Every structure is written in C-alpha cells, then in structure tokens.
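Dear colleague,

I am passing on the structure we talked about, together with some notes on what came out of it. Please look it over before reading further.

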Amino acid sequence: MANNLSTRKETIFKTLQAEPYANFLGFKLISAEDGCAVAEVMPTENMLNSHGTVHGGVIFSIADFVFAAASNSYGQIAVGVNNNINYLSAAFPNKLLRAEAKEVRRTRKLAWYSIKVFSEDELVATMEAMVYVKSEYFVKE
C-alpha cells in the first residue's frame, strides 16, 4: 500500500510539473504535496516591464502556478474561483523568484490558500486564493 501511495504522489507531482504554461515561463516545481507547493524561476530580461523590474504578470503567474499545484496536490481536480494579489515590492532580473502556497482550510467543495512570492529573501507579493473542489480525480486514489 505504501508503494502505491508513493507511486500516486509521484504521478501527481509529475502531472503538475508538466503544466505547459509554467514550463513555457521556465518555472520549476520544487514540491507539491498535502495542500502545499513551492516553485522557482530565475527572471530573465524578457520577463521585465518597461521599468526594468519583473513584470507583475510573471509574479502573478508563479503565484497562480503554486496555488494550482497546492490545490491539486491530492490528485482531485480543483479549479480556481477567486484570487487577490498584493504587490509589495519590485523584483529584479537574475534574482531568484520563489513562490510558496499553503492550504489554510479545505472542505468537501472549497479550499483556501495563502501564497507568498519572494525575490531572494524579500517578500514581493502575497495572494489569497480559493478553489472549487470537483468530485473527479485526475490521478486515481
């Protein structure tokens, strides 16, 4: 049974890791398990806005990616319903962006998440988000 659980968790992780948009942006999923997820990206010149800082869309995208990974980490389909992001500070090219999502509460049909995005050790954004938990699984139990 433990081996089946291990294989299932590995399949879930690989499925989440293969997300096309995240891969297009160069995001690396570090972990995704039990309602939590972490991802990183090294911002490049093509991810900047006209002020020379990391575009807010990139920061939002990595926050949304870990939100999706955390909420789907059980293998059950969860789809975003709402999110709110706060940009606290600028992020810069060639300084590692790291996003972390943690489940705050989960019911049978809804779950809430707290997401933080760091540039190196500086907190640059926070997001609060909610998903609708469907009855279908993308990786069977």
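In what follows, helices (H or I, at least four residues) and strands (E, at least two) are DSSP runs, numbered from the N terminus. Counted in this way, the secondary structure of the protein comes to three helices and six strands, and along the sequence these follow the pattern α-α-β-β-α-β-β-β-β.

Please keep in mind that this is a predicted model, in which local features need pLDDT of at least 70 and side-chain atom pairs count only at pLDDT 80 or more, while totals for chains, interfaces and linings use all residues. Residues are numbered from 1 along each chain as its sequence is written, and side-chain values use heavy atoms, with hydrogens and water left out.

As to overall dimensions, the C-alpha trace spans about 50 × 25 × 25 Å along its principal axes. Of the 141 residues, 40% count as buried (under 20% relative accessible area, with a 1.4 Å probe and protein chains only). Taking contact to mean heavy atoms within 4.5 Å, 66% of the contacts between residues at least 6 apart in sequence join residues at least 24 apart.

Leaving aside its neighbours within four places in sequence, T53 is in contact with M47, L48, A90, A91 and F92.

Technical notes: Buried means under 20% relative accessible area, exposed over 50%, partly exposed in between (1.4 Å probe, protein chains only).
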